[in-house]
Amino acid sequence: MFHPGTQSLAPAPQAGWRIPPTPPRREVILETVGLTKAYGKRLAVNGLNLEVLRGEVFGFLGPNGAGKTTTIRMLLNLIAPTSGEVRLFGQPLVTHPGKLLPYVGALIEQPSFQSYLSGRDNLIAVGGYTGGVPARRVDEVLEIAGLGERGKDRYSTYSLGMRQRLGVGAALLTDPELIILDEPGNGLDPAGIVEMRELIRKLSQQGKTIFVSSHILAEVRQVCTRIGIIRGGQLIGVGAVDVLLRATSRWEVEVENPEQVCRLLAGVPIISALNIENGMVVIKAPTMRGRDLISFLAKNGIWPESVKRSEEDLENIFLRLTEKEAGL
Amino acid sequence: MNPTAWQPSQPAMPVPDAPVSPAGNVRSANMLELIGNELFKLRKRRLVWGLLIADLVFVFAAWCVLVFYALKTGDGFNPGHLLGGPNALSDAIGQPLTLGRRGGEFLTAALGGLAFGGEFSTGAIRLVLSRGVNRASYLLAKYVALAIACAALVLASLLMSMLLSNFLILIHQPAPTLLNLNGPTLLTTLSGCLGTLENFLFCLMLGATLSIITRSSAFGIAASFGYLIGEDIAAQILPVLGKSLHTLLGNQLVNLLFTPNLNAFYANTLPSFLSRGLDQLDGVIACNPIGAPGSACVPVSMAQSFMIALTWALILIGVSTYLFVRRDVLQ
């Protein structure tokens, strides 16, 4: 189950029902250890411990003022932590910023470029900070960002969505190992959001590690493999999205005699809760598979009218967790 | 809570050195590359070209004033006057530069404020510093690029003034032309340009430092303009204020504040005819406003005036570098 403060969201192995596969070798690309930032007496980020593994798309969620942007700024050496440490590619950022950050592409909040330069010239200037980028790469990135035809126009004439796309283009310019995107969907129209989602998926397939901060939970669900939720500067939960959602899933079984089914299922070890709602048997068993449930009932001579799986959406989980932490 | 404690710590990976990337060799830019990048940005900025044109307009306007007074008095081209005698050419070139310098000071202060404060105001500084660029190197590269721009400004003004000096012969004969250019004249002219450059660099650093302190180009420009205007006003007030105190300190106030002045280096680089012409309007610290009539505004030696300029430069660079390197980027 996904609880605030839990250390792992991986389900416990259940004999006979599911054997989890052997986890692949873990390679931590981004790590924060006790990361803290204080402004006077106020703790913007408080003892943040986070790990992002190679190749994963990590969603960083939190309400406004939770400390997301402060955290991202510390990851990019824009803000010095009060205490704690950021490690990129296994190395402390504070001692190797010049060597590590060129391997990181970032879009931080609203993209801000030189308004007097064209989109193309802005990318050339950004590339200049990492030793220069070939012209063909700049053109390639403009195409990826969907700005191929507007590359020579001044940045000040760009719409919000175009600026956002140029920001993403700048993040991809050096083909970085790690990409940090702070609210990448800001200002994009629905088609742009779909394109952004596809781009993130494509980058993930290429083996890039992506750290996405977003408020759009549906987007996070569709692209992220793991998420972390921050509130009040503290990480209140972290885990794989599918595990997180599965933890809230339940089965609704429509049968003629629900009491009989309840008695039958009461002995199944993986079921955490069992009750009857509106004449249907409601089973909470995150790791249970539908075909196993149907088979089990059929072997016992019970043929259900319907078996339906439902799960809480990410938004509800997010709200439940953040409100719970805030004591609301 | 400790959500990651369950994961065993990993052995440190080596810092990647030579990645295979379509972007080429990914690394933090060195100083020369940073300077080149800043020059690229300046070259692409229309405002910089606008400031250059404005400076040339100042020089042209100053030349027009010079011609107007020479024709009005009638004896401007005679020996012993500005456009006559052996120093006529250096004075003819130097006078528009001297008058145009006042406008150039404002332009360079604005350039310094815009170059630094603009990146803070728009948030573009986030993108720059998130690429792993060494902050001190970036600041220095920006200063060097702006200093090159200032040098280009002075050079353009010089060329403009030299060009205009050739047209004097159309107004009056005889008149100095570039055909009269010789070694000493060139040396005197270049010396004046060096002083102008020092003056521009001070204004540049003033505008830049103030905008770094306040992280705002608008405030940086306004404050540096305020200083440049304020020094003229102070030049009028301080002597009166000093005398009204009727104390030893009051009597020394002007000497204390005016003698070790920032513009003294500039005044020292000018030919004597032009430096004699400096007054309060050339800056509160350009010359002693209560000096004897006809005395040159060179109250201190070249070495001392250079040390004063250098001290101010080091203070401004030190403050701006410290703040730029140490402060969080909150934009």
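**View 1. Burial and fold of chain B.** Of the 331 residues of chain B, 47% count as buried (buried: 20 or more other C-beta atoms within 10 Å of the residue's own; exposed: 12 or fewer; partly exposed: in between; C-beta atoms placed from the backbone). The model is predicted: local features need pLDDT of at least 70, side-chain atom pairs count only at pLDDT 80 or more, and totals for chains, interfaces and linings use all residues. Residues are numbered from 1 along each chain as its sequence is written, with chains lettered from A and ligands numbered from 1 in the order in which they are written. Chain B has twelve helices and zero strands (DSSP runs numbered from the N terminus: helices H or I, at least four residues; strands E, at least two). In chain B, 77% of the contacts with a separation of 6 or more join residues 24 or more positions apart (contact: C-beta atoms, placed from the backbone, within 7 Å).

**View 2. Helix α1 of chain B.** This helix covers residues 31–43. Its 13 residues should span 18 Å at 1.5 Å a residue, and the end C-alpha atoms are 18 Å apart, which agrees (expected span: 1.5 Å times one less than the number of residues). L34(B), I35(B), N37(B), E38(B) and K41(B) are buried. Seen down the axis, the buried residues of α1(B) fall within an arc of 160°, so they line one face (arc: directions from the helix axis to the C-beta atoms). L32(B) and R43(B), on the other side, are exposed.

**View 3. Packing partners of α1(B).** The buried residues of α1(B) pack against α3 (119–128) of chain A and α5 (135–165) of chain B.

Definitions and conventions:
Two residues are in contact if their C-beta atoms, placed from the backbone, lie within 7 Å.
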